[in-house]
Amino acid sequence: MKTNQIRKPTKLVALLASAAMLGLVSQNALAAVSLAGSTIGNIATLQYAVGGVNQNSISSSPTGNSVQNATPTTIGAIDANGVVTVGNGASTNFLVDYKVNVLVSGGTVANVTPGQAAGLPATAGAYTTFTVQNLSNNTQDFVLSAADATIGTVTTALALKSTAATDAFDSTGLTMYLDTDNSGTLNAGDTAITSINLPASGLANSTRTVFVASAIPVTATNGQSSVVSLQAQAVWPAVLPTWAPSATANGNTAAVANGVIVATAAGTPNNAGTTVDIVFADTVAGVIDAVRDGKDSAYDTYTIQSASLSVAKAMTLLCDPVNGSTNPKNIPGAYVQYAITITNSGTAAATLSQITDALQTQLTADPLLISGSGAGTNCAPGIGSLSASGFGALRGAGVVTSYAAPGLAGQNVTAGASVAGQNVTIDFTTLAGTAYGAVNATLSTNSYVTVYFNAFVQ
């Protein structure tokens, strides 16, 4: 993995400074990054006197020049490359070699939910965000690839590279998108891509945002993470630059349109400034690639933020027709109370729908939620009713670990629960009661809801 650092492009600048004693002939301001294949050249001009008389200047040449210029102060004309073209000297030139480098930055965490679809269409879909920066001294094409890490992969938190996470599930259907409108969010106007073209380092748009959209499995659980990678690899464009190597010679491999770029062979001397050498400058390894391979890569993380629900069904024996509510037994004619409790210990709220409970034929639902208190004669239908609907419910904060009969008339339910034959149905979208509160199917984090009903043992 890459160390904790941000790579910065080394700017190659044409330094055509003047020197009073040597009379350097051209003086350009520090320029932007010098493009691969461009020519840098200059001429030094000597001004001198003999016997106190100024002589015509002499301009330099690569092999030495002693021919004086036409006048003592002739410096010469300078072309677009900064090369002196007028004067008796000759410019000393060299070609700028090709520095290939790319930085892929990740480290973002996207909070997602189980079953969430991939990012497009833009309806709260799942996606994560990377940036790809061209650090090369030429407009550069990069082939992009996204992948889900192997389950169990542990990443180390590195600035711009990853977050500390263990890959616990696989996202699927990974699709890459260019942030076409530079909005920073994935939307319907963004373009699905498999490659990207970026201007040379330091120019506008040499850094772009790339989204990776993925589908999240419904089986993922709260707190789990999935690690995804994005890799960029430098390739030749469809139209090769004129200076690209056309043959395998001088340590270079012949360039192929849309083909992978190959660095000049290690140990090859500089080609005398007449051929462009290719140097891979990615001196720090990516999360899934090596150093100096014309690639870079980073990790992002999906983390599940979801409800974590548990459903507990507890039974409390209320009474029997012999013992009443004093040490009752589960004999025919006894009444039992069921408490169904749902707790949410997750990091996101849940929207509850329905609970259905099919009672065995040995049970008959109590339509009035009797209290069953007192003598055995009270353990009968219609005596001590707590709820005209036969149900009670309440909600509260925290996690419940014990479930007892409510015993409170204020917990009665007026709507949202029903019995049809042996089937009990609780509809949380319409459930309402004094202690339960207004109709609200949302179960917040660190909270619970309990529904009660009685059944008669036949």
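Author: In this predicted model, C319 and C379 are both buried. These two cysteines form a disulfide, with 2.1 Å between their sulfur atoms. One disulfide is what the structure holds. The link of C319 and C379 is right-handed, with 80° about the S-S bond. C319 belongs to strand β21 (residues 309-319), while C379 sits in the loop between β25 (363-365) and β26 (391-397), so the pair ties together parts that are 60 residues apart in sequence. A disulfide is a covalent bond between the sulfur atoms of two cysteines.

A search of the whole structure finds seven aromatic pairs. One of them is formed by Y335 and F456, a tilted pair with 5.5 Å from centre to centre and 45° between the planes. Since Y335 lies in strand β22 (residues 335-344) and F456 in strand β32 (residues 447-457), this pair ties together parts that are 121 residues apart in sequence. The two partners can be described by their accessibility. Y335 counts as buried because its relative accessibility is 2%, and F456, at 27%, counts as partly exposed.

A further pair involves Y338 and F453. The ring centres of Y338 and F453 are 5.7 Å apart and their planes stand at 40°, so this pair is tilted. Y338 is placed in strand β22 and F453 in strand β32, so the pair ties together parts that are 115 residues apart in sequence. Y338 has a relative accessibility of 15% and therefore counts as buried. F453 also counts as buried, at 2% relative accessibility. Elsewhere, Y98, W236 and W243 form one aromatic cluster.

Y98 leads on to the nonpolar cores. The largest nonpolar core has 37 residues, of which Y98, V132, L144 and L230 touch the most other members. Strand β18 (residues 225-235) supplies the largest share of this core, four residues. Leaving aside neighbours within four places in sequence, L230 is in contact with V104, F130, V132, L144, S145, A146, M176, V210, V212, D296, S297 and A298. Another core lies apart from the largest one and has 24 residues, among them I340, I342, A417 and I426. In soluble globular proteins, nonpolar side chains tend to be buried together.

Strands β8, β10, β17, β14 and β15 make an open sheet of five strands in the order β8-β10-β17-β14-β15, with antiparallel pairing. At the edges stand β8 (102-105) and β15 (191-192), each with a single partner strand, so one side of each is left without a neighbour in the sheet. Strand β10 (residues 127-134) pairs with strand β17 (residues 207-215) in the antiparallel sense over seven bridges. Within β17, R208 is the residue that V132 stands opposite, and F211 is the residue that T129 stands opposite. On the pairing with strand β14 (residues 172-178), β17 is again antiparallel, over five bridges. The bridge partner of Y177 in β17 is F211. Seven of the nine residues of β17 are buried, so this strand is largely enclosed by the rest of the structure.

Two further residues, A165 and T301, may be read together. A165 lies in strand β13 (residues 165-166), whereas T301 has its place in strand β20 (residues 295-304). A165 is buried, with a relative accessible area of 9%, and T301 is buried with a relative accessible area of 1%. Apart from neighbours within four places in sequence, A165 is in contact with T153, V154, T155, S225, V227 and T301. With neighbours within four places likewise set aside, T301 is in contact with T108, V109, A110, T128, T163, A165, S225, S226 and V227. A165 and V227 are 62 residues apart along the chain, and 7.3 Å separates their C-alpha atoms.

Key:
Residues are numbered from 1 along each chain as its sequence is written. This is a predicted model: local features need pLDDT of at least 70, side-chain atom pairs count only at pLDDT 80 or more; totals for chains, interfaces and linings use all residues. Side-chain values use heavy atoms; hydrogens and water are left out. A disulfide is a pair of cysteine sulfur atoms within 2.5 Å. Helices (H or I, at least four residues) and strands (E, at least two) are DSSP runs, numbered from the N terminus. Buried means under 20% relative accessible area, exposed over 50%, partly exposed in between (1.4 Å probe, protein chains only). Rings of Phe, Tyr and Trp (its six-membered ring) pair if their centres lie within 6.5 Å; planes under 30 degrees apart count as stacked, over 60 as edge-to-face and the rest as tilted. Contact means heavy atoms within 4.5 Å. A nonpolar core is a set of buried Ala, Val, Leu, Ile, Met, Phe, Trp, Tyr and Cys residues joined through side-chain atoms within 4.5 Å. Two strands pair if DSSP finds at least two bridges between them.
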